[in-house]
Amino acid sequence: MSIPSQDNAIQGSRLIRALIYTVLIVFVIYYLLPLYVMLVNSFKPLEEIRGGDMLSLPDQWTIAPWLSAWSTAQIGVEPTGLRPYFWNSIMMVVPAVAISTVLGALNGYVLTKWQFRGHGIVFGMLLLACFIPFQIVLIPMARVLGFLGIAGTTGGLVLVHMVYGLGFTTLFFRNYYAAFPTELVRAAQIDGAGFFTIFWRILVPSSAPIAVVTIIWQFTNIWNDFLFGSSFADFDSVPMTVALNNLVSSSTGVKEYNVHFAGAVLAALPTLVVYIVSGRYFVRGLMAGAVKG
Amino acid sequence: MASLTIENLHKSYGSVEVLKGIDIEIEDGGFLVLVGPSGCGKSTLLNTIAGLEDITSGDIRIGDRSVAGLHPSKRDIAMVFQSYALYPNMSVAQNISFGMEIRGIDKASREKAIRDVADMLQIGQLLDRKPSQLSGGQRQRVAMGRALVRDPMVFLFDEPLSNLDAKLRVDMRTEIKRLHQRMGTTIVYVTHDQIEALTLATKIAVLKDGILQQFGTPAEIYNDPSNMFVADFMGSPSMNLIEATVAKNGSDHAIELESADGSSLSLPVNGLASLADYAGRKIVFGIRPEALTDPEGADRNETRVVEQSCLIEVVEPAGSDTFAVTRLGGKEAIARLRADAKIEPNQQARLAFNMAKAVFFDPESTNRIH
């Protein structure tokens, strides 16, 4: 009688594991390669890049391209670097994310815990906002901004992004709060707490996971937006993405690839930081919202 | 402390009527239990008393004051929820004092009240913990503490023991009863467990499909059920409800039922004149398992005990009692015998029917025949 060999089983699973790791490593290289190329070349002098080998490490390390991209590179007509535009983006993203998140949370709260006649229709319409392509709202939005007298300002961009993001933030918070026990709200009502007290003292302290999801989602989307930025911004409110485009596509003088690479990394940095700082909540929060709702 | 009066209460969701004219009155310091199967409207009724749901028509009064339309926090009530509903982000102490904080009571009084309640419920060592760090029984105590600290006119309990394991449930039941005896506050308590209802209540309201089936003391509900639903729902094992035919027996009546071996079994009924209307017709004969027992275990002071021979199908020893299953009127009937009763399955045995405890129902209306 033959006994199945345990060694064989282990060796077989080792082989499969090796195969899986090989495939995964190939994918990791595939995804990291562009980042590597950008970083390596942003630390090279321009002559080295012209020399041809994009993948080699710099012979001569320099941070000049980074300094140039940040503060002296020619963007459009002004040699200001990306710095002012970086601040433009911050001034736009922070209020837009904050307001849309708070309003989304309030919407979710009302749609689940203070349901009114027709709440389903209101939620459906807000949900529809998630599916409207950017291009469709461009002209109506331009009219609205003109009517409100905030066309071309950072405030105008904040409004655009806030309105556009509200559908998503409401969806996230509604699904999260749908699973939040209604008995807690009732207990607080009996304790005498009002609408906003219940919101701030009972729901908000339990909302960290979904708030992180919403903030990452909104921050990434608004920071990376190009269309609204290029359509609605004026000279003094141009966001980072549009400035980066202006830097890279300016047709005068030599193409400073090392500066372009540095600028691109600078433009991507904030979203990267947000992901690294709060990424582990992201998956957890997405799951929490997804299970019930 | 105050009495509670519910008058002709109706509640509808759109066209669906869930409470159809409820009338209940409980005296100051009473313990009212609302009991019924799921979907009977008992939790809705409690929520309308709490003010968490609007009423469609009728009135609710606490003491002399109508509270219909008042905000929950203004009704002077406190509620313990089925899920306990402890605020997850707050410590036990904060949970207990949240209501006082909202009402603007100063810190020193709040801390004194927390200490008093914590002593009463023996949760002093838990005050700094979060609800997630507590066991089920401890959460239950904290939820009661949060209600106690309000010192309300009426306590409302919404199935508070249903999430506990069987042993803890019995302990907490005793504790709730002791708490009620000590404080003497009016309590309204919702449960689907008829044992809880019988042990705790001073008055029980049995509900079904939004209609109040019977309202009375536990003894009235148990001994004098007003219809077949109440008879069947209250008591465990439930009352034997057996189809029988009314026959003349001299100047009085007897009922005849089919026994396990197909033969007819006759039981005399004394002094129930209204059975005359049912002469020759089918009725439903109700007898509790403890009124159907072995002759030695029967009530010796009762003169209306009738012995008959029945075929026993199954014997279930349960420690304190032995249950014997026989067949009467084509249906299984359970007899409750002494633990050491000599009885064997598949044999004839003498069973004593205590006819003084028997009740009769109209099979069509399911109402009691008095």
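This is a predicted model: local features need pLDDT of at least 70, side-chain atom pairs count only at pLDDT 80 or more; totals for chains, interfaces and linings use all residues.
Visitor: How far apart do the C-alpha centres of domain 1 of chain B and domain 2 of chain B lie?

Guide: In chain B, domain 1 covers 4-233 and domain 2 covers 240-361. The distance between their C-alpha centres is 39 Å.

Visitor: Which residues in domain 1 of chain B lose the most area to domain 2 of chain B?

Guide: The two domains of chain B bury about 670 Å² between them, and carbon and sulfur atoms give 61% of that area. On the side of domain 1 of chain B, three residues together account for 68% of what is buried. These residues are B:Tyr222, B:Met228 and B:Ala231.

Visitor: Which elements give two or more residues to the side of domain 1 of chain B that touches domain 2 of chain B?

Guide: Between these domains of chain B there are zero salt bridges, whereas two residue pairs are in polar contact. The residues on the domain 1 side comprise five nonpolar, two polar and one charged. The elements that supply two or more of them are helix H7 (218-223) and helix H8 (228-233) of chain B.

Visitor: Which residue of chain B meets A:Arg201 in a salt bridge?

Guide: Two salt bridges are counted between chain B and chain A. In the one that involves A:Arg201, the N to O distance is 3.0 Å, which lies within the 4 Å limit for a salt bridge. The partner is B:Glu101.

Visitor: Which element gives the most to the side of chain B that touches chain A?

Guide: The contact draws 27 residues from chain B and 15 residues from chain A, and seven residue pairs across it are in polar contact. At least two residues each come from helix H1 (42-50), strand S6 (77-80) and helix H2 (92-102) of chain B. The side of chain B holds 15 nonpolar, seven polar and five charged residues. With four residues, the element that gives the most is H2(B).

Visitor: What area do chain B and chain A bury between them?

Guide: Carbon and sulfur atoms carry 59% of the area buried between chain B and chain A. The total is about 1800 Å².

Visitor: Which residue in S17(B) is the bridge partner of B:Glu316?

Guide: Strand S16 (residues 305-317) and strand S17 (residues 321-328) of chain B pair in the antiparallel sense over five bridges. Within S17(B), the bridge partner of B:Glu316 is B:Phe323.

Visitor: How many residues apart in sequence are the parts tied together by B:Arg350 and B:Glu307?

Guide: B:Arg350 and B:Glu307 form a salt bridge, with their closest N and O atoms 3.6 Å apart. B:Arg350 belongs to strand S19 (residues 347-354) of chain B and B:Glu307 to strand S16 of chain B, so the pair links parts whose separation in sequence, in residues, is 43.

Visitor: What is omega for the peptide bond that joins B:Ser236 and B:Pro237?

Guide: Most peptide bonds are trans. The bond between B:Ser236 and B:Pro237 is cis, and B:Pro237 is found in the loop between H8 and strand S11 (240-249) of chain B. Its omega is about -5 degrees.

Visitor: What phi does B:Asp76 have?

Guide: Most residues other than glycine have a negative phi. B:Asp76, in the loop between S5 and S6 of chain B, is not a glycine, yet its phi is positive. The value is about 60 degrees.

Definitions and conventions: Residues are numbered from 1 along each chain as its sequence is written. Chains are lettered from A and ligands numbered from 1 in the order in which they are written. Side-chain values use heavy atoms; hydrogens and water are left out. Domain bounds come from an automatic or database domain assignment. Buried area is the accessible area (1.4 Å probe) that two parts lose on being put together, summed over both. A salt bridge is a side-chain nitrogen of Lys or Arg within 4 Å of a carboxyl oxygen of Asp or Glu. A polar contact is a pair of N or O atoms within 3.5 Å; within protein, one must be able to donate a hydrogen and the other to accept it, and residues adjacent in sequence count only if both atoms are side-chain atoms. Ala, Val, Leu, Ile, Met, Phe, Trp, Tyr, Cys and Pro count as nonpolar, Asp, Glu, Lys and Arg as charged, and the others, Gly among them, as polar. Contact means heavy atoms within 4.5 Å. Two strands pair if DSSP finds at least two bridges between them.
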